[in-house]
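Q: Hey, I'm new to this one. Can you walk me through it?

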Amino acid sequence: MKRYVIRVFSLVAALGLWQALTSLNVDLWLRFSQFPTVTDVARAFAARLSGPDYWTDLTDSLARILTGFLLAALLGVATGVLVARSRLAEDLLGPVLEVIRPIPAIALVPVAILLFPSNEQGIVFITFTAAFFPVLVSTRHAVRALTPVWEEAVRTMGGGRWRILGSVVLPGALPGVFGGLSVGIGVSWICVISAEMISGQYGVGYRTWQDYTVVDYPGVFVGMVTIGVLGWLTSTAVELLGRRLTRWLPRTAYVPGARPPRPARSVKPGPSVPTAPAAGKSGSAPEEARYEHLV
């Protein structure tokens, strides 16, 4: 509870600093006199919420981001596993993917305009491209980092390729896959907003750019706040889903700022007669505790 109070306090403090700098027209080096105040943005936000355009833009942007991101998640994971597990696939697809990967997704807007018959499909393509490569790279590295002992154990018990894929490869690479998905959803928001500014007709990015062209700066900040909240919600959803699907992973007991537990006082042993180990038990207790996490 204390951590949540600190987080809320930091947010309130940032808003208070923003309000103070803009209301007092502070112009030291940064020109805060050009910024709208927090109250101006709040009034513009309340006015937008009461109109239909805001909710239309919101649903359009969410539909584009979810469509492109889901396609990138499916194809990115499949391609990453294929490239990591097959030398032929790596030789055929690897050079093409590595040449396209450094190109920013927003630089593909002219290609999307020429390639697709509608702007809507082009924006989804930009969103898909932005999320595809982080998912692909994370999946590929996660699959290659798997220890071969697990695969050999499944083969020893008679498992085939599909059994290895479902029991070893996909579960073992799942933490790395969700790392790529978390990065991909953030990059997707950046690119979909930029694509909407350039070639969109509706959406949060399109509306933000229109507010800038008509010098409606409180409206611009309404769009920025909306983008930030939507990005935070979708990233949190991906993270929570990843925790849900990787509950089998060992969790660390480390708590930031917590003091380590004090060691127990050692009791001076008295004279005793050494006894033989009990029948049916082999090994010592420390050895059993050391390998207990493998069960």
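A: A contact here means heavy atoms within 4.5 Å. Among contacts in the chain with a separation of 6 or more, 70% are between residues 24 or more positions apart. The model is predicted, so local features need pLDDT of at least 70, side-chain atom pairs count only at pLDDT 80 or more, and totals for chains, interfaces and linings use all residues. Residues are numbered from 1 along each chain as its sequence is written, and side-chain values use heavy atoms, leaving out hydrogens and water.

Q: How many helices and strands are there in the chain?

A: The chain has 11 helices and zero strands. Both are DSSP runs numbered from the N terminus: helices are H or I with at least four residues, strands E with at least two.

Q: And what share of the residues is buried?

A: Buried residues are 31% of the 295 in the chain. Buried means under 20% relative accessible area, exposed over 50%, and partly exposed in between, with a 1.4 Å probe and protein chains only.

Q: Switching topic: where is G228?

A: G228 sits in helix α10, residues 217–245. Its relative accessibility is 43%, so G228 counts as partly exposed.

Q: How far apart are G228 and W189 in space?

A: They are 9.2 Å apart, C-alpha to C-alpha, and 39 residues apart in sequence.

Q: What about L88, buried or exposed?

A: L88 is exposed, because its relative accessible area is 59%. You'll find L88 in helix α4, which spans residues 87–100.
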